[in-house]
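Colleague: I am new to this structure and would like a close look at its aromatic side chains. Could you take me through one part slowly?

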Amino acid sequence: MTTTTTQATETNGSGQEASHSAAGISADEIALYDRQIRLWGMKAQEKIRSANILLITMKALANEIAKNLVLAGIGSLTINDHAVVSEADLGAQFFLSAEDGHLGQNRAVAASAALQRLNPRVKVVVDTDDIRTKHSSFYSSFDIIIATDLDADTLNVINTATRIHNRKFYAAGCHGLYGFLFADLIEHDFVIERQRSNLPSTPGPETKTRSIISVAPKEPDNKEKSHIELVTKRELYSTWLLASSDASHLPQDILSSPRRKRAVTPLLSCLRALWQFTSTFGVPPTGPELLTNHTALAAFTQMCSDKHKALGLPAETLRAELLRSFLQNVGAELAPVAAVLGGQLAQDVINVLGQTQQPVQNFVVFSGESMEANVYALHPREGELGRGLLPVTMGVIDAAAEVLGQEENRGEVDLTALGGQHLGQRQRQPEESSSSRMGSGSQMEGVEQQQAGQQTNGVSTDSTGAAAGAGAGNA
């Protein structure tokens, strides 16, 4: 049984307690948060103020998310990371510095002091356990869970746990110039204000994922009749396992238009191939050993081509130059990209807590080259969304628990073990680091063995070691 190590920071630099008034927002807080209260209202700020959020992996992207959430005035932020600060971390994360002796410290511990100074009113909790050792019940105490820079298998396990406990989940990752964010809010209701039109708004479905629940007139500020209506809408979501795999598809309005299909970023295919490659071989396609290995490049390029085809996109939009650039960026951190993506994710979290804005549905793919963040609703064509997916998830967990002899204690289901056998996961030992896997000769042998006998003609490498062809469209 893993013992959780936590450090709660609840005082400011002067030793004054950072407590909240049970009666509501204080006058000092109203003055501090005046601009955002004017933007989204007092009720939304009260919801934000009481939120308890978990943020996993304190790298550059999480630094940006944490900064924005703490400055917005959430109630509590738990930052989880078991890794230590490296030289690479010092170059991309503004909470860390060599002068403060952070090198070699735990990343979450090292970032916590600077994070707390941003807003002493927010409770900052540090958790130094490996997230892969957590039981599903760990996630039940949080309102929102944000997992950053993790492999697809671990994201799947965490999302399964958040679904079991009906908790909202975000996943995000940065790869140099590129990045993504994903949202599984299960079922989320929000209220928008709009001018009443000549055609009355009626409850019912608007799209596959969104429906109008109710419509009511807004109470006027004076005796005159209000022309504003309050429309309550509901968005339904899919799990990470479905949305990140070939089980989900682009919306039909995109697939039915050749022009819109050509406009879909091929980075979506590259990201899906990256997740499959890492899950299959246990190592991402990075580092000199992999980037100069023809067999590994052939495997990744073929996966990109397959994912692109499965999405129904034209082959000519997946070009060799993009594959080359994507591979060169995998695993890298760029502060400007982290700032843009982290800001967008944090803003969506604030919108979800306040329930006054349309949330992300459900995938965002960002390119620092074009400075575009494209949003795609990726869902299965058939079947229920939202809570309708939960019985399926629970069935998987029940079957796994029975196999492992854990049926009597569902609240303490070991998702790390269950994920490997029943959720398409590759089991990893907690102490196994990504750097050791990347440099492992046995991993390369595994890539070569699984690719042995497959046709690799048309795959070439240039002096950078990046893929330059193979089913990736015209160069």
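Colleague: Are F182 and F363 buried or exposed?

Modeller: Both F182 and F363 are buried, where buried means under 20% relative accessible area, exposed over 50% and partly exposed in between, with a 1.4 Å probe and protein chains only. This is a predicted model, in which local features need pLDDT of at least 70 and side-chain atom pairs count only at pLDDT 80 or more, while totals for chains, interfaces and linings use all residues. Residues are numbered from 1 along each chain as its sequence is written, and side-chain values use heavy atoms, with hydrogens and water left out.

A search of the whole structure finds 16 aromatic pairs, a pair being rings of Phe, Tyr or Trp (its six-membered ring) with centres within 6.5 Å, called stacked if the planes are under 30 degrees apart, edge-to-face if over 60 and tilted for the rest. In one of them, F138 and F142 have ring centres 5.5 Å apart and planes at 65 degrees, so this pair is edge-to-face. F142 is buried, with a relative accessible area of 5%, and F138 also counts as buried, at 18%.

The pair of F182 and F363 is tilted, with 5.4 Å from centre to centre and 50 degrees between the planes. F182 lies in strand β7 (residues 178–184) and F363 in strand β12 (residues 363–367), so the pair ties together parts that are 181 residues apart in sequence; strands are DSSP runs of E with at least two residues, numbered from the N terminus. F182 and F363 also belong to one aromatic cluster, together with F169, F180, W240 and W275.

Technical notes. Helix = DSSP H or I, 4+ residues; strand = E, 2+ residues; numbered from the N terminus.
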